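This report is meant for a reader who meets the structure for the first time.

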Amino acid sequence: MAYDKFTILKSTTVPLPTENVDTDQIIPARFLKATEREGFGDNLFRDWRYDAAGTPKSDFVLNDPTYNGKILVAGKNFGSGSSREHAVWALYDYGFRCVVSSFFADIFKNNCLNIGVLPVTVTPDFAEKLFSAIAADPQTVVEVNLPQQTITLLATGDAESFDINEYKKDNMQHGFDDIDYLINIAPEIEAFASKR
Amino acid sequence: MEKTTLFDKIWDAHVVKSVPAGPDVFFIDKHFIHEVTSPVAFLNLEKRGIGVKYPHRTIATPDHNVPTVDQDQTIKDKLSRMQVEKLRQNCAKYGIELHDLGSAHHGIVHVIGPELGVTQPGMTIVCGDSHTSTHGAFGAIAFGIGTSEVEMVLATQCIMQSKAKKMRISVEGTLGKGVTSKDIILYIISKISAAGATGYFVEYAGSAIQSLSMEARMTICNMSIEMGARGGLIAPDETTFAYLKGKEYAPKGEAWDQAVAHWKTLKTDDGAIFDKELVFQAADIEPMITYGTNPGMGIKINGNIPSTQGMEGSNKTSYLKSLDYMGFAPGEPILGKSVDYVFVGSCTNGRIEDIRAVAQFVKGHKKADSITAWIVPGSREVEKQAQAEGLVAILEEAGFELRQPGCSACLAMNDDKIPAGKYAVSTSNRNFEGRQGPGARTLLASPLTVAAVAITGRITDPREVFGN
């Protein structure tokens, strides 16, 4: 599915400094039973967000009205474990368009890029700076600039550049996906397949 | 000539083209699908008005959400039933081979692939499941993908992938008594952490690895993802060829000889360079168990849960959050702690060798009264063999409940859930919060350790029971 174009995103943020957040936390397995892609946002971080009776847990950040925005600032090793793309669908459906962390799990990062949620890897120092700035002012605005490959704390001007390969960057800026690319080179793939 | 690794040889042979400053267009030989991560991929194909390009390269089985009782009846859970029915419809529509519930080769996708001989050395294999790394035990490049990539493979037989960095992990020497391949991999992950191999593809090597059976090798490769690796593989050898010979989908006659001749070339050249190399000694490895909420949080079973000394900031907060969930305290021993459930099964340890190990261990004994003991074969074939070898009778005599094949309590998508707050010692692969049911507390261990726990009802060193 082609997705929304991503160029420059300015938004307040939601901080989640917990380390090693696995995809079972992002979307527990029992909510993977849909045959379509809609509605996963309701169960994003389900067991951290709600108790067994379905009552919101007030100590979880998504239930804290102080924080909101399209950027999730996450702890180290975010998205480990299961390859379930539903984890990214849930983040997207909830309203996140960008996840920032000092370290992402591999498959999760790939899934993000395929869905149009931009994973931004920052240095541990910059991650700390973000967490401190958000704690000091929950309404602080962060700018993620994909064309320039920069992330900036607008209040202070603190900025850092991030890596993304040119192909994926181009895809995200134009809302293309890999299938569009692969279908366009079908004859090359067919020639390769015929030799196998 | 340039010295290359096994990973390079297989990878490079499957690159259709390289995108400048981008990923490789990577050709997939075999694609496994199941009911949970495929429906949206098929739906999107329909939306695009395209079909499945090479249906014979995809094989399907329902495993993640299926009940492990009454598989001959209609699935009671409506959403699970819909997913399984979608899989059936999609397979029928596009001509994809399906090993359905109740059929001779139904089972967990990573158990039936090798069992059928579909998994072979030198192949590229993907599935919308991170434990696809299991198939690397045969000297294949195998890894988990997301649903968008499932769609790509169905549509074009390719995905866009950047080549991973290369790591070699060697384990040398002879394993001690009561130490299994599960302990090897839990040991490695505890040493390098749950993120220690992120960005790498791992080759396992060394004399301790070479001495392992195919089942034991699969257990190791299976858990590569639990240290963040994209996948793990082991060079094929005589053990691999002996396992595959005569399997349904393995080459036959002259084709077999040709295949083996090719497979023998699939190894890392002497002097090939890895981005990272680690060496461990088998003699240092003892029975392992996890105490926390990621697979890197493991200790030798007679050790203490680490103290918080030297930890600070979010590292310490995350660690204490994890121990709080588990109901454990820093610094305390884990031996002797009371357990409520044991689970033997999953794509990690649900094979015949695992069931044999448990049966031999518990033969003539009863499980502790306080323990609920589930044993879930990885496939119908494993179940059949366990029956034929008399293992089922031994296990039932010991008080284990044998259930029908599926992923079961490994991820608790079906009714096989550990209740909130209860402790389960499990042969599966993940001890994440809520993995085996909301609020469930999981400790990962080998089938031998699980057998020992089943008998005593407590965390027990398998070497201490019955002089085993």
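Strand β3 of chain A is covered on both faces, with I71(A) and V73(A) buried on one side and L72(A) and A74(A) buried on the other. A residue is called buried if 20 or more other C-beta atoms lie within 10 Å of its own, exposed if 12 or fewer do, and partly exposed in between, the C-beta atoms being placed from the backbone. Helices (H or I, at least four residues) and strands (E, at least two) are DSSP runs, numbered from the N terminus. The model is a predicted one, in which local features need pLDDT of at least 70 and side-chain atom pairs count only at pLDDT 80 or more, whereas totals for chains, interfaces and linings use all residues. Residues are numbered from 1 along each chain as its sequence is written, while chains are lettered from A and ligands numbered from 1 in the order in which they are written.

In a regular strand the side chains alternate between the two faces of the sheet. Two strands are said to pair if DSSP finds at least two bridges between them. Strand β2 of chain A, residues 13-16, runs parallel to β3(A) and is joined to it by 4 bridges, with P15(A) standing opposite V73(A). The pairing of β3(A) with β4(A) is also parallel and extends over 3 bridges, and here I71(A) stands opposite C98(A).

Helix α3 of chain A, residues 86-94, is mostly covered, since 7 of its 9 residues are buried. Those buried residues are H86(A), A87(A), V88(A), W89(A), A90(A), L91(A) and Y92(A), and what covers them includes α1 (23-26), β3 (71-74), β4 (98-101) and α4 (106-115) of chain A. Just after this helix, G95(A) takes a positive phi of about 125°. Contact here means that the C-beta atoms of two residues, placed from the backbone, lie within 7 Å. Leaving aside neighbours within four places in sequence, L91(A) is in contact with I26(A), L44(A), L72(A), F96(A), V99(A) and V117(A).

L91(A) also belongs to the largest nonpolar core, which has 193 residues and in which L91(A), V342(B), V358(B) and L395(B) touch the most other members. A nonpolar core is a set of buried Ala, Val, Leu, Ile, Met, Phe, Trp, Tyr and Cys residues joined through C-beta atoms within 7 Å.

In chain B, an open sheet of 5 strands has the order β17-β16-β15-β18-β19, with parallel pairing; its edge strands, each pairing on one side only, are β17 (401-402) and β19 (441-444). Strands β15 (residues 341-344) and β16 (residues 372-375) of chain B run parallel and are joined by 4 bridges, V342(B) having A373(B) as its bridge partner in β16(B).

P447(B) lies in helix α16 of chain B, residues 447-456, and counts as buried because it has 28 C-beta neighbours inside 10 Å. Although P447(B) and F343(B) are 104 residues apart in sequence, their C-alpha atoms are 9.0 Å apart in space. Beyond its neighbours within four places in sequence, P447(B) is in contact with residues including T180(B), V344(B) and V358(B).

The table gives some overall values for each chain.

| Chain | Secondary structure | Span along the principal axes | Buried residues |
|---|---|---|---|
| A | 8 helices and 8 strands | about 60 × 45 × 25 Å | 44% of 196 residues |
| B | 16 helices and 19 strands | roughly 55 × 55 × 50 Å | 59% of 468 residues |

The contact between the chains takes 59 residues from chain B and 50 residues from chain A. On the side of chain B that touches chain A, α5(B) gives the most, with 7 residues. By class, that side of chain B has 26 nonpolar, 23 polar and 10 charged residues, where Ala, Val, Leu, Ile, Met, Phe, Trp, Tyr, Cys and Pro count as nonpolar, Asp, Glu, Lys and Arg as charged, and the others, Gly among them, as polar.

As for confidence, the model scores ipTM 0.96 and pTM 0.97. The mean pLDDT of chain B (the predictor's confidence in each residue, from 0 to 100) is 97, and 99% of its residues reach 70 or more.
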